[in-house]
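Please read it alongside the sequence and the coordinates.

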Amino acid sequence: MLVYDVIIVGAGLSGLSAAHYLLEQEPDLRVLIVEARDRVGGRLLTQTLDVENAKVHCDLGGQWVSKKQTHIMDMLELLDIGTYKQYTEGSSFIQIKDKVYTYNGIVPWDMSWLGLIELQYHIWRIDGFAKQIDLEKPWEHARAKEWDAITVQAYIDKMWTAQARDMFTLLCLTVCACEPNEISFFCLIVSVTEVGGINAMIDNDDDGAQDSKIEGGAQLVCTKLAERLQKKHVEIVLDSPVQLIENTQSNYQGMFKVTTPQKIYQSKFVVMALSPLLSSRIECKPALPSYRDQFCQRTPMACCIKTVTYFKTAWWRDDKASGTFMTLDVEKYPLTNGMDGTINNSIVGFILGNKARYWSTKTKQERQDAIVVQFAEMYNKSCKFIEEQLIVYEDMDWGMEQYTRGAFDTIFGCGLIVNFKDAITDPIGNLHYAGAETATRWSGYMSGAVEAGERVADEILDKI
Ligand SMILES: Cc1cc2nc3c(=O)[nH]c(=O)nc-3n(C[C@H](O)[C@H](O)[C@H](O)COP(=O)(O)OP(=O)(O)OC[C@H]3O[C@@H](n4cnc5c(N)ncnc54)[C@H](O)[C@@H]3O)c2cc1C
C-alpha cells in the first residue's frame, strides 16, 4: 500500500493551504487530502444561480476580506483572484424593538448622548484590555482567569444604559454569531487583540472586516487552490468522510492508518484541518490524551443561517439607503443584520444565535415569507412591492450541515482559554491541528484558515 508523507483531513481553505505551504517548501512530498463532502471549500460555498437569465455567484458561506487580513490577501494575489469593495453608500439603521436609529459610517448619532458615551467608553476599554494580551500565551495575562470566568453577557449586564447594552449584544451576535451568554468575555478580548481593535471587526470600509468581496465568489479560492495542488500531484479524494485514525504507537509517532468508507490510507503525518468539534467526531486509536478530548467536548459551533435575496432593482438605493441594517428584539423579524450584496441587486442577511435555532425549525419558504415582511416594514414598503421585486431567495442553514454543524466558527465558553491553554493547536505526536479556529490572527476567518495551514506546514517541515 502507498504510504503518503502527509494526509490532510478536510479540503476547506485551511487544509488546502496546509498542502500549498508543504509543497512550496518540499515539492516532492506525497500529500493526500481526504474530504467528506463532494466539493472542496467547506465553509466557503459559492452557488451559481440563474437570476433573470444571468449567471450570478452567490456566496452562502464566508465572503468578506480586508487589507488587514494579510494571509488571505496574499493567497488571493497568488491565485490571481480580484476583490471589489462592499457597497456602503447611504444611510444605515438599527432597529431595537420599535425604536429606529439611523447612521452613516458605523455610529448611530441619534442615540442618547449618555448611551453613545458609554458605548464609546466600553469600546476603548475593551480595545485597551486587548492591547495587553500576548497572543502566543493569552492565558498568562494577570486578569485572564477573572475575564475567562464571566460571559460577555455578564459584562454587558453591568453597563448603565440600555443603548450600550443593546449595541454590545448586537456586536456579539453579528461578529460571533452567538448569544452573549454563550461566550467568554476573555474570548471576546482575545478576538479583539487578534484583529487589532473592535472597529476592525465591524467596519465595512477601509480596513474593516467587511471591506471587500471576492470576485467570482469566495469558494473560488479553494477550487483554484485545489486545481493548482492537483497539478503538483497532490491527490484530493472527495465523498470520503474520515471515520477512524489509527497509529501504531501510543505516542502517535508511528505509522498512521486513515479509514474512510471506501478505502484505508497510510501516512507518516496527519493534519486535522477542521473545527475542534468535527475533529472529535473522528474516532482515534489509541485514545487521544484526555485534555484534547475534554477540550473538544467544550467547543460548540455558533449558529447562523445566511440568506441572499435578489431583486429586480436595488430599490433601497433609490431611497438613499445603504442596505446595511441590524435588528434586535423584534420577534417576528428573522434577520439580525444584513448588507447590500453590492452586485446583482441583492441583500445579504444573517439569522443568528437563538433566532437561527428557531428559524431552522421552519421551511425555506417560511423564512422567505417572514423576510419579505421584514424588508417591507423596515423600508416602509408594501409586501406586494417587495414580492414583485423579489426574483430569487436563497439561504443556507449551516447548523444542518453534517460536516460543519454551525457557523461562523467555534464558540469559546467560560474557562476554555485558561483551562486548556494551547490544547487547540498542540500536536499529538505526528497528529497536527489546522483549521481557522487555531490561528493567532483573524481566527475563525478565511485569513486565519490560511495562517493555520501555514503554521501546520512549518510544524511538519521542522520534523521532516
Ligand atoms: C455563513 C458564514 C459567513 C462567514 N463569513 C466570513 C467572512 O465574511 N469572512 C471571513 O474571512 N470568514 C467568514 N466565515 C468563516 C470562514 O468561512 C471560515 O473561517 C473558513 O472557511 C474555515 O476554513 P477551514 O478550512 O478552517 O474549515 P472548513 O471550511 O470547515 O473546512 C473543513 C473541511 O473538513 C471537511 N470535513 C469535516 N469532517 C470531515 C471528515 N470526517 N472527513 C473528511 N473531511 C471532513 C468539511 O467538509 C470541510 O470541507 C464565514 C463562515 C460562514 C459559514
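1. Basis. This is a predicted model, in which local features need pLDDT of at least 70 and side-chain atom pairs count only at pLDDT 80 or more, while totals for chains, interfaces and linings use all residues. Residues are numbered from 1 along each chain as its sequence is written.

2. Overall form. The secondary structure comes to 17 helices and 20 strands (DSSP runs numbered from the N terminus: helices are H or I, at least four residues, and strands are E, at least two).

3. Core. Of the 464 residues, 50% count as buried (20 or more other C-beta atoms within 10 Å of a residue's own; exposed means 12 or fewer, and partly exposed lies in between, with C-beta atoms placed from the backbone). The largest nonpolar core holds 137 residues, of which Ile7, Val271 and Cys304 touch the most other members (a core is a set of buried Ala, Val, Leu, Ile, Met, Phe, Trp, Tyr and Cys residues joined through C-beta atoms within 7 Å). Helix α6 (residues 162-176) gives the largest share of this core, nine residues. Leaving aside neighbours within four places in sequence, the contacts of Val271 include Val6, Ile8, His432 and Val456 (contact means C-beta atoms, placed from the backbone, within 7 Å).

4. Helix α3. Which residues of α3 are buried? They are Gly115, Glu118, Leu119, His122, Ile123, Ile126 and Ala130. These residues lie on the same side of α3, because they cover an arc of only 140° around the axis (the arc of the directions from the helix axis to the C-beta atoms). On the other side of α3, the exposed residues include Trp113, Trp124, Arg125 and Lys131. The cover over the buried residues of α3 includes α6, α7 (185-195) and α8 (198-202).

5. Strands β7 (residues 91-96) and β8 (residues 99-103) pair in the antiparallel sense over five bridges (pairing requires at least two DSSP bridges between two strands). Ser92 has Tyr103 in β8 as its bridge partner. Two residues separate the strands of this hairpin, and Lys97 in the turn has a positive phi of about 50°.

6. Open sheet. Three strands form an open sheet in the order β5-β9-β6, with antiparallel pairing. Its edge strands, β5 (64-65) and β6 (83-85), each pair on one side only. In β9, Lys213 stands opposite Tyr84.

Conventions:
Two residues are in contact if their C-beta atoms, placed from the backbone, lie within 7 Å.
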